[in-house]
Amino acid sequence: MELSHVRGNLSRTGLLQARRGAQPRRLVPPARSLSQPVPPTSQPPHSRPHPHPRPLPLHPEISKVIFSAEQIDARVAELGRLIGTDYSDRELLVLGVLKGAFAFTSDLVRHIYPYPPHLEVDFFKVGGWGGCKWGSATAELPYLPEPALAHKHMTLHVEDIIDTGNTLSALVAVMEGAGAASVRVCALLDKKARRRVPMEAEYTGFECPDEFIVGYGIDYAEKYRNLPYIGAVKDEFIKK
């Protein structure tokens, strides 16, 4: 077919479309070319931080907030600076107690500054308490962290809460018996009203009222660990 004939057919087609009121077709380039792929965004839309995040609502089983997330963040940062100053020229082994102190420990170590020359982090779980409930004066550690509590390490024991003091005093005795050069205690909360054994922490976050508290790693029946604040549980949700 000759080129002039093709042009004639195209012009007649365009004329008919114009007479009928239809718009002539336009060639639209493809949105993406295989030779030039669209570069991925630096951050997926669902993971971009919201410019004005809304605070989380209060959990329906929590009666009130005792220490807010902002208060906790500020105090943990202060504790990190204090510990960093004291251990700026010494090796440091940070031992967090599972499960209650997992959130506190992970936040605390990121605020320890000035940086110690060598800092290690480990966790351990307390068990075996001679068949007794929590607060027994006898503690056994089924798992000693690696590396072991060698004499060269200055050990910082991180607790979520000091209550009667029985648990803490037993744990410190076990660590000292395992060969730790020194043991200092950092506790997020201190319930002095329930103390039975004269035990004090070298670093304390807050003095806690004598209430049933949860949140920020602290649980009740494995619930509420995920709360970003520390609050009191409503009475109807506590088993008597």
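I take buried to mean under 20% relative accessible area. Tyrosine 224, at 4% relative accessibility, therefore goes down in my notes as buried. This is a predicted model, and I keep that in mind throughout.

**Entry 1: the loop between E7 and E8**

I started with tyrosine 224, which sits in the loop between E7 and E8. Its phi is near 75 degrees, a positive value in a residue other than glycine. I then looked at glutamate 222, which belongs to the loop between E7 and E8 too. Glutamate 222 has a positive phi of about 65 degrees and is not a glycine either. Is glutamate 222 buried or partly exposed? I find a relative accessible area of 48%, so I call glutamate 222 partly exposed. Most residues other than glycine have a negative phi, and most peptide bonds are trans.

**Entry 2: cis peptide bonds**

With that in mind I went through the peptide bonds. Leucine 98 and lysine 99 are joined by a cis bond, with omega about 5 degrees. I placed lysine 99 in the loop between E2 and H3. Tyrosine 113 and proline 114 are also joined by a cis peptide bond, and omega there is about 0 degrees. Proline 114 falls in the loop between H3 and E3.

**Entry 3: overall layout**

Next I stepped back to the whole chain. I count 4 helices and 8 strands in the protein. Read from the N terminus, the elements go α-β-α-β-α-β-β-α-β-β-β-β. Of the 240 residues, 38% count as buried. I also looked up the contacts between residues at least 6 apart in sequence: 69% of them join residues at least 24 apart.

**Entry 4: the parallel sheet**

In what order do the 5 strands of the open parallel sheet lie? I read E3-E2-E4-E5-E6. Strand E3 (119–125) and strand E6 (203–207) are the edges, each pairing on one side only. The twist averages 20 degrees from one strand to the next.

I checked two of the pairings. E2 and E3 run parallel and are joined by 7 bridges, with leucine 93 opposite glutamate 120 in E3. Strand E4 (residues 154–162) pairs with strand E5 (residues 182–190) over 8 bridges, in the parallel sense. There I find methionine 154 bridged to serine 182 in E5.

Glu120, Asp122 and Phe124 make up the covered face, while Leu119, Val121, Phe123 and Lys125 make up the uncovered one.

**Entry 5: helices on the sheet**

Helix H2 (residues 69–86) lies across strand E2 (92–98), E4, E5 and E6, and I note about 160 degrees between H2 and E6. Helix H4 (residues 166–177) packs on the sheet as well, touching E2, E3, E4 and E5, with its direction at about 165 degrees to that of E4.

Then I turned to helix H3 (residues 102–109), where Ala103, Phe104, Thr105, Asp107 and Leu108 are buried. What do the buried residues of H3 pack against? I list H2, E2, E3, E4 and E5.

**Entry 6: histidine 157**

I picked histidine 157, which lies in strand E4. Histidine 157 has a relative accessible area of 0%, so I mark it as buried. Setting aside neighbours within four places in sequence, I find histidine 157 in contact with Leu95, Val97, Phe124, Leu168, Leu171, Met175, Val183, Arg184, Val185 and Cys186.

**Entry 7: the antiparallel sheet**

I moved on to the open sheet of 3 strands, antiparallel, in the order E1-E8-E7. Strand E1 (62–67) and strand E7 (213–214) are its edges, each with pairing on one side only. E7 and strand E8 (residues 230–233) run antiparallel and are joined by 2 bridges. Isoleucine 213 stands opposite alanine 232 in E8.

**Entry 8: the second largest pocket**

Last, I looked up the second largest pocket, which holds about 250 Å³ of space. Its lining is Arg54, Pro55, Leu56, Val65, Ser68, Ala69, Glu70, Asp73, Tyr216, Pro228 and Tyr229. By class I get 7 nonpolar, 1 polar and 3 charged residues in that lining. Which element gives the most to the lining? I note H2, with 3 residues.

Definitions and conventions
Residues numbered from 1 in each chain as written. Predicted model: local features only at pLDDT ≥ 70, side-chain atom pairs only at ≥ 80, totals over all residues. Heavy atoms only, no water. Pairing = 2+ DSSP bridges. Axes fitted to C-alpha atoms, helices over the stretch in contact; angles between N-to-C directions. Contact = heavy atoms within 4.5 Å. 1 Å grid on protein atoms, 1.4 Å probe; cavity = no way out; pocket = protein on both sides within 12 Å on 5 of 7 lines; lining within 4 Å. Points joined across faces, edges and corners; volume = space filled by probe spheres on them. Nonpolar A, V, L, I, M, F, W, Y, C, P; charged D, E, K, R; others polar. Buried < 20%, exposed > 50% of the residue type's maximum accessible area, 1.4 Å probe, protein only.
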